[in-house]
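Colleague: Hi! I'm new to this one, could you walk me through it?
Modeller: Happy to, here it is.
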Amino acid sequence: MAHWKNKIMADDSVLVKTILFNGSAAGNIVCFEQLGEREVGYWLGKEYWGKGIATQALAEFLKYVDTRPLYAHVAKQNIASRRVLEKCGFTVSGEDSFFSQALGKNVEEYILILDTNGSVNSD
Ligand SMILES: CC(C)(COP(=O)(O)OP(=O)(O)OC[C@H]1O[C@@H](n2cnc3c(N)ncnc32)[C@H](O)[C@@H]1OP(=O)(O)O)[C@@H](O)C(=O)NCCC(=O)NCCS
């Protein structure tokens with residue numbers, strides 16, 4: 001809560017939205033700046049996975065956030081998140097890695113980019 005309250009929500013450059021599902025808070029979706037680029041990120045409670053919620057939330061969010069290009073970093077093994085991004089028009093533009101303190105190891109990532117308006121597709 002301290003991280004959210006003092007860092008994320010106190011930063012005017014961060015846009016935070018709650019993802020609602022049938023009136024309940026299912027997760028969050030954020031847009032923030034990293035190394036001069038605008039990034040998007042999201043998180044759902046586990047009980048809400050696999051219902052198309054993240055795809056719908058991201059598609060709605062992209063109507064509010066009109067910055068392009070818009071970027072996302074996704075762990076290479078996070079197939080579901082990569083799929084969410086690609087269904088909303090993002091494409092893989094590169095690779096990155098960082099050391100995760102929580103996991104105690106390097107995490108390999110894809111960098112995805114959205115440079116159009118984006119719309120949900122099922123390809
Ligand atoms: C990643 C996450 C946001 C996905 O949310 P979700 O609401 O379950 O995603 P959706 O249901 O909208 O879409 C998931 C897509 O990935 C696919 N998918 C899910 N698991 C998969 C797997 N293991 N292999 C291949 N595809 C997979 C689904 O079939 C679906 O694609 P489809 O519509 O073509 O069938 C959610 O699992 C989450 O919050 N995880 C923890 C936090 C996280 O990883 N955040 C993203 C950091 S980049």
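Predicted model: local features only at pLDDT ≥ 70, side-chain atom pairs only at ≥ 80, totals over all residues.

Colleague: Thanks! Which residues come nearest to the ligand?
Modeller: There are 19 residues around the ligand, and Leu-44, Ala-54, Thr-55, Ala-80 and Arg-83 come nearest.

Colleague: And which elements supply at least two residues of that shell?
Modeller: Those are β3 (37–44), α2 (53–64) and α3 (79–87). The largest share, five residues, comes from α3.

Colleague: How do the shell residues divide into nonpolar, polar and charged?
Modeller: The shell around the ligand has 10 nonpolar residues, seven polar ones and two charged ones.

Colleague: Okay, new topic. Which residues touch the most other members in the largest nonpolar core?
Modeller: That core has 23 residues, and Ala-57, Leu-58, Ala-72, Leu-85 and Leu-112 touch the most other members. Two or more residues each come from β2 (24–34), β3, α2, β4 (70–75), α3 and β6 (105–114). Here α2 gives the largest share, five residues.

Colleague: Let's zoom in on Ala-72. What does Ala-72 touch?
Modeller: Leaving out residues up to four places away in sequence, Ala-72 touches Glu-39, Val-40, Gly-41, Leu-85, Phe-90 and Leu-112. Leu-112 is also the bridge partner of Ala-72 in β6.

Colleague: In what sense do β4 and β6 pair, parallel or antiparallel?
Modeller: They pair in the antiparallel sense, over six bridges.

Colleague: Last one: is β4 mostly covered or mostly exposed?
Modeller: Mostly covered, with five of the six residues of β4 buried.

Technical notes: Residues numbered from 1 in each chain as written. Near = placed C-beta within 6 Å. Helix = DSSP H or I, 4+ residues; strand = E, 2+ residues; numbered from the N terminus. Nonpolar A, V, L, I, M, F, W, Y, C, P; charged D, E, K, R; others polar. Core = buried A, V, L, I, M, F, W, Y, C linked by C-beta atoms within 7 Å. Buried ≥ 20, exposed ≤ 12 C-beta atoms within 10 Å, placed from the backbone. Contact = placed C-beta atoms within 7 Å. Pairing = 2+ DSSP bridges.
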